[in-house]
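Subject: Structure for you to look over

Hello,

Here is the structure I promised to pass on. Please open it next to this email and follow along.

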Amino acid sequence: MKDFKSSTVYQIYPKSFLDTNGDGLGELQGVIDKLDYLKELGVDYLWLTPFFVSPQNDNGYDVADYREIDPRYGTMADFDDLVREADARGIRLMLDMVFNHTSTQHRWFQKALAGDPVYKDYYIFRKGKPDGGPPTNWESKFGGNAWEYVPAFDEYYLHLFDKTQADLNWENPAVRREVQDIVRFWMDKGVKGFRFDVINLISKGEFTDDNEGDGRRFYTDGPRIHEFLKELNRESFGRDAEIITVGEMSSTSMENCCDYAGADSGELSMVFSFHHLKVDFMGNEKWVLVPADFLKLKNILFSWQQGMAAHNAWNAVFWCNHDHPRVVSRFGDEGIYWKESAKMLASVIHCLRGTPYIYQGEELGMTNAHFTDLSQYRDVESFNHFQILRDKGMSESAAYEILKVHSRDNSRTPMQWDERENAGFTAGTPWISVNPNYRNINAQSQVGDPDSIFSYYQALIRLRKEHPVLAQGDFEPLDQEHPSVLAYRRDWQEESLLCINNFYRKPCRWNCPVPLEGYRVILSNYPDGEPNNPMELRPYESLILLRDGGSSK
Ligand code: GLC
């Protein structure tokens, strides 16, 4: 049985991973073909983003049938092969379950639209305001009002995301039973992990206007959320002690996360929260250009580390996923310190208390897409917000600059396997353009090179298994107010680990508050990294130091 605290999860966006049949879209067979690569990297779980039947308006997060594989991604036989082949390599699968909403193509929604009262109650239909406008002023996360009008009923249905993603009514016990049944279906197929998409939005509170915001305070971490999660746990995945779960928590609070992922709360194994990835937003407003606030980033990361530990709750720790730009472009350097900065960012995450997640290509230092034209984009959120910015009077070129930084498509360009055309991703035309830097950044040139970013990730994954301090240790920030160094200490029994990082290109001198006697470098992104005090940290330098003979506290 795997211990999720010493495990590493690798996220696959199958559409952009590997295309084996030349249609320009990756599929499950592509994942099977690359299992040896993933085994070599050393990861324990593969989280696959949704490959269920879907019209793909939100790339599969609009599910039309939770029990069938979309033919674009393969067949159930491919899925069974994937489970078996992964298992043979000691790798388990984590599926992505989207239960806040379904596609409007889902049979349930179609029946609801046809007027079947049983299925209408699976969704959230409401009368408009007396003036005929939507029931509340809530905003969709993808832009615009969150209610869509259905003339036949003279009612609106709620969609917190795209209008083709209708929110499910979790107040209805029949909906909750359906969901439990779907989870059990995939458990029977040998799935050992689940990621629950925006799961903290499922319990809606009051349906009233939000005069202070976009409505999120009425449904985020809503009134019955803990009850719903406990029930789902009890009725499905909680029956198999080997299964791990992670909840994607949108705009959540630490207080709630201590319960979602508390060791004894009977809800989930761990949570994703995103506050640390909003340090280059303006409040919750993502579609702006604001420099990243480093002190805020540290404060958020560190307070979550400490707060969750104090409540014996567990974090998922990560920089990247399919909804965020590439971290090396965001907080690192795409230029001469590309390699050093990518490795430094990896150290920061992988030495934290929590289960690290790697998003495909992160282990190669893949960068943002740098698209320059709307025709290169594919993401519904990017299109909607581009239009919103234009409607506000912003020039086209200014709107492009914002998309370039924040668009989700930055992370969705195809995986860069080798130097062949289209980076070896497809023999056809890729559904989204390959990043032109693939001749410099690709797996083939990195696997087996001891100095590569890939090898650095390999080393970090291995360290977590070799040194219990990484999985079990306490967390203590070091010199938290320092303007360019991100450093912390982990302690567990006889082991003490220091993770020290210069977050910037500018060299800096740093006084480590911990006496360094007895510590040795176990990993660094410079060949001759040495623990002297004070330290002269080079551009993006990262040092991981270990002492295994007792603590100096
Ligand atoms: C999550 C997914 C994102 C999707 C949204 C709606 O945030 O990660 O890709 O668009 O939920 O399902």
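Below are my notes, taken region by region.

One point before the details: this is a predicted model.

**The eight-stranded sheet**

Start with the open sheet of eight strands. The order is β13-β12-β11-β5-β2-β1-β15-β14, and the pairing is parallel. Its edges are β13 (270–272) and β14 (316–317), each of which pairs on one side only. Look inside the sheet at β2 (residues 45–48) and β5 (residues 92–97). These two strands run parallel and are joined by four bridges. Across from Leu48 you will find Leu95 in β5.

**The cores**

Which residues have the most contacts inside the largest nonpolar core? They are Tyr10, Leu46, Phe194 and Trp319, in a core of 149 residues. The element that gives the most to this core is helix α16 (residues 453–466), with eight residues. Another core lies apart from it and has 15 residues, including Leu478, Trp510, Cys512 and Met535.

Leaving out residues up to four places away in sequence, Leu46 touches Tyr10, Ile12, Val31, Leu35, Leu38, Ile91, Arg92, Leu93 and Met94. Tyr10, one of those neighbours, is also on the list of residues with the most contacts in the core.

**The ligand site**

- Asp58: an N or O atom of its side chain is 2.5 Å from a ligand oxygen.
- His101: a polar side-chain atom lies 2.9 Å from an oxygen atom of the ligand.
- His322: here too a polar side-chain atom lies 2.9 Å from an oxygen atom of the ligand.

**Ser251**

Where does Ser251 sit? It is in the loop between β12 (244–248) and α9 (254–260). Its side chain makes a polar contact with the side chain of Arg216, at 2.6 Å. The side chain of Ser251 makes another with that of Lys278, at 3.4 Å. Not counting residues up to four places away in sequence, Ser251 touches Arg216, Thr220, Asp221, His275 and Lys278.

**Helix α13**

Next comes α13 (residues 380–391).

At the start of α13, a side-chain oxygen of Asp379 comes within 3.2 Å of the backbone nitrogen of Glu381. After the helix comes Gly393, with a positive phi near 100 degrees.

The buried residues of α13 are Val380, Glu381, Ser382, His385, Phe386 and Leu389. Their cover includes α14 (396–406).

Seven of its eight residues are buried, so β17 is largely enclosed by the rest of the structure.

β17 has two antiparallel partners to inspect. Five bridges join it to β16 (residues 474–478). In that pairing, Glu476 stands opposite Arg489 in β17. The hairpin of β16 and β17 has six residues between the strands, and Asp479 takes a positive phi near 50 degrees there.

With β18 (residues 495–502), β17 pairs over eight bridges. Ala487 has Ile500 in β18 as its bridge partner. The hairpin of β17 and β18 has two residues between the strands. In this hairpin, Gln493 takes a positive phi near 50 degrees.

**The three-stranded sheet**

Last, an open sheet of three strands, in the order β7-β9-β8 with antiparallel pairing. The edge strands are β7 (125–126) and β8 (147–150), each pairing on one side only. Two bridges join β7 to β9 (residues 155–158). Arg126 has Tyr156 in β9 as its bridge partner.

Best wishes

Conventions
Residues are numbered from 1 along each chain as its sequence is written. This is a predicted model: local features need pLDDT of at least 70, side-chain atom pairs count only at pLDDT 80 or more; totals for chains, interfaces and linings use all residues. Side-chain values use heavy atoms; hydrogens and water are left out. Buried means under 20% relative accessible area, exposed over 50%, partly exposed in between (1.4 Å probe, protein chains only). Contact means heavy atoms within 4.5 Å. A polar contact is a pair of N or O atoms within 3.5 Å; within protein, one must be able to donate a hydrogen and the other to accept it, and residues adjacent in sequence count only if both atoms are side-chain atoms. A nonpolar core is a set of buried Ala, Val, Leu, Ile, Met, Phe, Trp, Tyr and Cys residues joined through side-chain atoms within 4.5 Å. Two strands pair if DSSP finds at least two bridges between them.
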